Amino acid sequence: MKTTQLRQKLIILIFAGFLLAPVSLFAEDSEEMLSASLHTQKRSADLSLDVPSSLPLFTYQSGLNFEYPDAVRGIYVTGNSAGGSRFEKLVNLIETTELNSMVIDVKEDHGNLTFKPEEGSEFEDISKNFISDPRAMLEVLEEKQIYPIARIVVFKDSVLAKKRPDLSFTKNGEVWVNGKGEAFVSPFQKEVWEYNVKIAKMAAELGFKEIQFDYVRFPEGFEKRDKELTYDLGDYKDSEMNGVKKRVEAVTDFVAYAREELAYYDVDVSVDIFGYSATIKEAPGIGQNFSRISDNVDVISSMIYPSHWTSYFGITNPDEEPYRLVTEYAKVENEVLGQLEDPPVSRPWIQDFEAPWLYSGPTFQYGKAEVEAQIRALNENGIDEFLLWNAGNSYTEGVDYTPIN
């Protein structure tokens with residue numbers, strides 16, 4: 001992991017500093033000690049450390065200890081599930097299978113926190129008491145060594161958009177919403193960046209070991225409504241780049257900013273991204289450039305649900321051919337990430353749900369064979385990590401999550 005490498009360099013730097021400091025403090029007390037000081041200083045002059053200038057001298061310690069798994073194999077968990085009776089069942093699922101991680105909603109799809117922050121917090125008014133005691137929940141995960149990942153939905157945020165229309169997209173004086181009634185805030189607004197990173201820092205302080213940012217993009221189809229919506233371009237107003245490039249720049253800049261701000265907290269940073277973004281240079285409407293985002297994260301999580309593809313890879317009904325779809329995607333992603341100097345870990349989201357909207361008749365069912373087919377396709381292409389998505393957190397029973405071992 002990229003942050004692990006930084007931590008190792010940090011340890012070397014701090015150790016070297018402690019090693020050298022005591023000698024120079026007392027060198028003036030005697031000639032013998034002065035000689036030792038000069039000798040040490042000479043040796044230190046030859047010491048070359050590849051340490052980034054932005055690396056913090058110390059990192060935050062939450063008091064909880066989690067080991068990074070051999071490979072993250074995780075499930076999505078809503079705030080309701082994490083704070084309710086389903087939590088015990090999901091913990092049992094992980095303990096009795098090869099699964100080892102949970103991606104837990106901290107800021108959910110509407111824009112609300114899933115727990116109550118401390119009194120006086122600026123986020124009190126957007127919080128729901130789904131998880132009554134998030135620290136206690138994390139302590140349970142620590143005891144069982146279930147790796148905790150905090151999901152934070154960023155730019156899809158109906159709560160903030162309606163509270164602050166100036167940070168959103170408006171049409172005829174009203175906050176614009178998509179066909180599902182969802183509002184977005186603008187990636188051009190650095191106040192929105194700061195807002196979400198503050199929430200990420202809260203999650204890190206609670207003890208989460210990774211921050212996963214979702215909806216790091218403009219609304220789908222934004223290129224078709226760019227001219228009809230009103231919004232502030234912020235610092236990108238005077239840029240000579242075209243609309244596509246401005247959107248890509250804003251999204252990429254947010255990811256870089258978030259990672260730099262979170263460096264002190266000793267957490268990995270991951271981003272969810274549309275699977276098709278890996279197959280093109282950049283997505284023109286939503287502002288996602290797969291390679292540039294990958295350059296700024298520790299983990300990249302493409303959403304590669306077979307049901308969400310058209311006949312892109314020459315597969316007529318991708319939902320019914322999960323093994324083939326994931327195999328074709330993995331080939332493309334491997335090629336793209338292989339061109340990066342320091343690629344992130346690939347950890348795709350895979351499908352454990354049905355897609356009835358695709359069918360006029362009976363819906364193709366996802367069960368043990370279909371879930372294992374996706375995992376096997378990833379493994380055969382050198383991708384060992386994955387996350388399972390089911391919006392209701394109802395996961396298929398009896399799955400072998402390491403099918404090629």
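Q: Which residues in H12 are buried?
A: In this predicted model, the buried residues of H12 are Glu-370, Val-371, Glu-372, Ala-373, Gln-374, Ile-375, Ala-377, Leu-378 and Asn-379.

Q: What covers them?
A: The cover includes H11, strand E10 (349-351) and strand E11 (386-389).

Q: OK, H11 then. How do H11 and H12 pack, at what angle and how far apart?
A: Helix H11 spans residues 322-337 and helix H12 residues 368-380; they pack at an angle of about 25°, and their axes are 8 Å apart.

Q: What does that make them, roughly parallel or roughly antiparallel?
A: Angles under 35 degrees count as roughly parallel, and H11 and H12 are therefore roughly parallel to each other. H11 passes H12 in a right-handed crossing.

Q: Which residues meet there?
A: From H11, Pro-322, Tyr-323, Val-326 and Thr-327. On the H12 side they meet Glu-370, Ala-373, Gln-374, Arg-376, Ala-377, Leu-378 and Glu-380.

Q: How do the residues of that contact divide into nonpolar, polar and charged?
A: There are 6 nonpolar, 2 polar and 3 charged residues in the contact of H11 with H12.

Q: What follows H12?
A: Gly-382 does, and its phi is positive, near 80°.

Q: And Lys-331, where is that?
A: Lys-331 is in helix H11. It is partly exposed, with a relative accessible area of 46%.

Q: How far is Lys-331 from Asn-381?
A: Lys-331 and Asn-381 are 50 residues apart in sequence, and their C-alpha atoms are 7.1 Å apart in space.

Conventions: Residues numbered from 1 in each chain as written. Predicted model: local features only at pLDDT ≥ 70, side-chain atom pairs only at ≥ 80, totals over all residues. Heavy atoms only, no water. Axes fitted to C-alpha atoms, helices over the stretch in contact; angles between N-to-C directions. Helix = DSSP H or I, 4+ residues; strand = E, 2+ residues; numbered from the N terminus. Parallel < 35°, antiparallel > 145°, perpendicular 65-115°, else oblique. Left-handed = near helix turned anticlockwise from the far one by under 90°. Contact = heavy atoms within 4.5 Å. Nonpolar A, V, L, I, M, F, W, Y, C, P; charged D, E, K, R; others polar. Buried < 20%, exposed > 50% of the residue type's maximum accessible area, 1.4 Å probe, protein only.
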